[in-house]
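Open your viewer and get the selection tool ready. We will walk from strands to pockets to packed side chains, one stop at a time.

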Amino acid sequence: AIVNMLDLRKGETVHQLLAIKQFEEGRFVLAATRRGVVKKTRLMDYVNVRATGIIAIDLEEGDQLIDVRLTDGAQHVMLSTRGGMVIRFPEDNVRSMGRVARGVRGIRLRDDDHVVQMAVLAPDSEDNVVTVCDFGYGKRTAASEFPAQKRGGLGLIGIKTTDRNGKVAGTQVVTDEHELMIITTGGKVIRMSLGDISVIG
């Protein structure tokens with residue numbers, strides 16, 4: 001039982017698991033929150049973790065952690081929102097800060113929108129971005145169609161969240177060699193080759 005290893009507070013649940021072979025300088029833990037905040041911390045800041053855990057990010061009331069990734073400090077960060085917006089910016093736009101800091105704004109959100117996913121990719125990446133919406137519609141778009149900009153902006157339209165499509169359920173950075181598994185809230189799974197999905201703007 002994970003509760004025997006973590007001192008979870010009331011209402012707190014486990015959200016992310018990172019597999020780390022070795023703690024070393026030059027690597028970072030990048031976190032993103034529902035309200036569009038991003039935070040970068042040195043991986044070495046987590047070498048000495050108490051049995052009760054340590055603070056990784058100071059969340060504002062009502063905010064919550066969405067995603068956490070390991071980076072090398074030279075990646076591009078891509079945030080996707082429930083309303084279909086996407087922003088991509090260089091990781092060095094986010095300075096490294098201490099564990100108890102709150103972070104900085106990664107994307108400016110419109111009313112009732114929030115971040116659903118974060119991805120990291122190489123600056124010269126030729127990968128694609130797959131976006132899937134609530135009602136099963138989705139698309140595959142070249143990551144290069146989302147040029148890097150300064151963090152904190154509104155971003156670009158990644159997909160239109162119409163009545164037909166629904167809101168964005170999730171996004172993934174993929175290549176043709178990947179396969180895609182989509183899982184519904186009812187527990188059904190569909191599997192397909194990414195090569196069978198055409199790339200569209």
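Two strands count as paired if DSSP finds at least two bridges between them; strands themselves are DSSP runs (E, at least two residues), numbered from the N terminus. This is a predicted model, in which local features need pLDDT of at least 70 and side-chain atom pairs count only at pLDDT 80 or more, while totals for chains, interfaces and linings use all residues. Residues are numbered from 1 along each chain as its sequence is written, and side-chain values use heavy atoms, with hydrogens and water left out.

**Stop 1: the sheet.** Zoom in on threonine 33, whose bridge partner in E3 is leucine 65. Now widen the view to an open sheet of four strands, in the order E3-E1-E2-E6 with antiparallel pairing. Its edges are E3 (65–71) and E6 (104–105), each pairing on one side only.

**Stop 2: the largest pocket.** A pocket here is an open set of points on a 1 Å grid over the protein atoms alone, where a 1.4 Å probe fits, with protein on both sides within 12 Å along at least five of seven lines; lining residues have an atom within 4 Å of a point. Grid points are joined across faces, edges and corners, and the volume is the space filled by probe spheres set on them. The largest pocket comes to about 1800 Å³. To centre on it, pick Leu6, Glu12, Gln16, Ile54 and Ala56, the closest to its centre of 41 lining residues. E1, E2 (37–42) and E3 each supply at least two lining residues.

**Stop 3: the second largest pocket.** Here you will find about 390 Å³ of space. Select Val132, Ala169, Gly170, Ile182 and Ile183, the closest to the centre among 16 lining residues. Strands E8 (128–133), E11 (168–174) and E12 (179–183) each give two or more residues to this lining.

**Stop 4: the cores.** A nonpolar core is a set of buried (under 20% relative accessible area, 1.4 Å probe, protein chains only) Ala, Val, Leu, Ile, Met, Phe, Trp, Tyr and Cys residues joined through side-chain atoms within 4.5 Å. Which members of the largest core touch the most other members? Of its 14 residues, they are Val38, Val77, Leu79, Phe89 and Met118. Finish with the second, separate core of eight residues, which includes Val86, Leu121, Phe146 and Val173.

Terms used. Buried means under 20% relative accessible area, exposed over 50%, partly exposed in between (1.4 Å probe, protein chains only).
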